[in-house]
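Here is a short briefing on one chain.

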Amino acid sequence: MSRVVAIGPGASLAGYALAGVEAIDAADAGAAQRAWDELPADVGLVLLGPAAQAALAERLTERRLL
């Protein structure tokens with residue numbers, strides 16, 4: 001079964017964690033990029049906060065998305 005992960009500032013992810021989503025605290029662009037690079041193979045959906053999306057924008061155009 002696939003997991004759902006959210007990447008963004010920890011405080012803004014609290015609600016997702018309550019719903020069973022694995023929250024990865026990424027307070028800046030570097031942390032968001034590291035979190036993306038370290039996603040396990042069983043992750044099927046990634047939710048991104050606005051800053052994480054901006055940090056990963058160029059990489060999100062790749063065809064190899066989850």
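Q33 sits in helix α2; helices (H or I, at least four residues) and strands (E, at least two) are DSSP runs, numbered from the N terminus. The model is predicted: local features need pLDDT of at least 70, side-chain atom pairs count only at pLDDT 80 or more, and totals for chains, interfaces and linings use all residues. Residues are numbered from 1 along each chain as its sequence is written, and side-chain values use heavy atoms, with hydrogens and water left out.

**Residues of α2**

- Q33 counts as partly exposed, because its relative accessibility is 31%; buried means under 20% relative accessible area, exposed over 50%, and partly exposed in between (1.4 Å probe, protein chains only).
- Not counting residues up to four places away in sequence, Q33 touches A55, L56 and R59; contact means heavy atoms within 4.5 Å.
- Q33 and A6 are 27 residues apart in sequence, and their C-alpha atoms are 13 Å apart in space.
- A29 is also found in helix α2.
- A29 is partly exposed, because its relative accessibility is 40%.
- A32 is in contact with I7, A26, A52, A55 and L56, leaving aside its neighbours within four places in sequence.

**Nonpolar core**

- The largest nonpolar core has 13 residues, and I7, A32, L39 and V46 touch the most other members.
- Such a core is a set of buried Ala, Val, Leu, Ile, Met, Phe, Trp, Tyr and Cys residues joined through side-chain atoms within 4.5 Å.
- At least two residues of this core come from each of β1 (3-8), α2 (29-37), β3 (43-48) and α3 (50-56).
- Helix α2 gives the most, with four residues.
- In soluble globular proteins, nonpolar side chains tend to be buried together.

**A loop position**

- G20 lies in the loop between α1 (14-18) and β2 (22-25).
- G20 is exposed, because its relative accessible area is 64%.
- G20 and P40 are 20 residues apart along the chain, and 16 Å separates their C-alpha atoms.

**Whole chain**

- The chain has three helices and three strands.
- From the N terminus on, the order of elements is β-α-β-α-β-α.
- The radius of gyration is 11 Å, which agrees with the value near 11 Å for a compact globule of 66 residues; it is taken over C-alpha atoms, and the globule rule is 2.2 Å times the number of residues to the power 0.38.
- The C-alpha trace spans about 30 × 30 × 15 Å along its principal axes.
- Of the 66 residues, 27% count as buried.
- Among contacts with a separation of 6 or more, 43% join residues 24 or more positions apart.
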